Amino acid sequence: MQEYTEKRASGAESQFQPGHQIPIQHQKKPGLQAELDDPKPASTRIPTDDYGYQTYKAAGKLAGKRAIITGGDSGIGRAVAILFAMEGASSLIVYLPEEERDAQETRRRVQEAGKECHCLAVDLRKRENCQKVIEVALQCLGGIDILVNNAAFQNMVQDISELDEAQWHRTFDTNIHPYFYLSKYTLPHMRSGSTIINCASVNHYIGRGDLLDYTSTKGAIVAFTRGLSNQQIGKGIRVNCVCPGPIWTPLIPSTMDSSAMEQFSSVPMGRPGQPSEVATCFVFLASHDSSYISGQSLHPNGGVMVNG
């Protein structure tokens, strides 16, 4: 596989240590990785025992595979796209038009890793745009082996009495309905050995009250994953889920208040996670390394104990 090194010119990427406080900063929604203050989220750097970094070591686990990655412009989605490329997979990344700047950086880095990266800016809340994603993927990639449902919206509200009904609908229209549409439209083009990987959250398990609508959708994603897995496993298609804890991405400064950001490290490991530490879970679930795993959830959450 082509050697790929994440350049420090893209921003400071020193590893978060226990007790590390993320910098308090705020952005307009949906947030841009390009505008984050240091430290920048790490896409390919994996922590070492001394709180430094080593570059992810690829082994050709996804050679020749073709992936759709929603929310692929930044954060976890970007890290997934780059690690997939390092493992040999080409991709179509999907994102909002206002995230074009970040998307082009993802595309550049995937290409630097030696693979194709196609970009599509659409709002997945519209069913017809979900159909368009599949059409573009088939045209650009020639097929679909992996579907990564990752795009999400959240907005903090402290009490249900203050939760606007329009926000409730927007959150469900962003966080779960496209997972259904994209899976439905992708599955006819998949074959035995293909995989669907959904991104949920630790919040479903802990019941986070200030993200009631977001938390509810993430619970729905876990249930959707389990039901769809039972439907499709007989065809050799595996469906799994990743449930991240506090991960440093543009979603945080664009949706969380200062108080929530101050508590962002309150997990047993005492530090936030990096997108690269979540992306490795997606690589595992997309590859044959997880050949006997379906309907399950992985929990890169800093040591939070969950049931289920």
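Colleague: What is the length of the polar contact that joins the side chains of R78 and T106?

Modeller: R78 is found in helix α1, residues 75–86, where helices are DSSP runs of H or I with at least four residues, strands are runs of E with at least two, and both are numbered from the N terminus. A polar contact is a pair of N or O atoms within 3.5 Å, of which, within protein, one must be able to donate a hydrogen and the other to accept it, while residues adjacent in sequence count only if both atoms are side-chain atoms. The backbone oxygen of D102 lies 3.0 Å from a polar atom of the R78 side chain, and the contact between the side chains of R78 and T106 is 2.9 Å.

Colleague: Is R78 buried or exposed?

Modeller: Buried means under 20% relative accessible area, exposed over 50%, and partly exposed in between, with a 1.4 Å probe and protein chains only. R78 has a relative accessible area of 3%, and therefore R78 is buried.

Colleague: What do the values rest on, and how are residues numbered?

Modeller: This is a predicted model, in which local features need pLDDT of at least 70 and side-chain atom pairs count only at pLDDT 80 or more, whereas totals for chains, interfaces and linings use all residues. Side-chain values use heavy atoms, with hydrogens and water left out, and residues are numbered from 1 along each chain as its sequence is written.

Colleague: How are the axes of α4 and α5 oriented to each other?

Modeller: Axes are lines fitted to C-alpha atoms, for helices over the stretch in contact, and angles run from 0 to 180 degrees between N-to-C directions. The axes of α4 (residues 165–175) and α5 (residues 177–186) come within 3 Å and cross at roughly 25 degrees. Angles under 35 degrees count as roughly parallel, over 145 as roughly antiparallel, 65 to 115 as roughly perpendicular and the rest as oblique, so α4 and α5 are roughly parallel.

Colleague: Where do the buried residues of α4 sit around the axis?

Modeller: The buried residues of α4 are Q167, T171, F172, T174 and N175. The arc that they cover, taken from the directions from the helix axis to the C-beta atoms, is only 165 degrees, which puts them on the same side of α4.

Colleague: Which helices do these buried residues pack against, and which exposed residues does the opposite face carry?

Modeller: The buried residues of α4 pack against α5 and α7, the latter spanning 212–232. The face of α4 turned away from its buried side carries the exposed residues E165, A166 and H169.

Colleague: How far is A220 from N175 in space, C-alpha to C-alpha?

Modeller: A220 has its place in helix α7 and is partly exposed, with a relative accessible area of 24%. A220 and N175 are 45 residues apart in sequence, and their C-alpha atoms are 9.2 Å apart in space.

Colleague: Which residues does S297 touch, not counting residues up to four places away in sequence?

Modeller: S297 is in strand β9, residues 297–298, and counts as buried at 15% relative accessibility. S297 and C241 are 56 residues apart in sequence and 4.5 Å apart in space, C-alpha to C-alpha. Beyond four places in sequence, S297 touches Y205, V222, C241 and C243.

Key:
Contact means heavy atoms within 4.5 Å.
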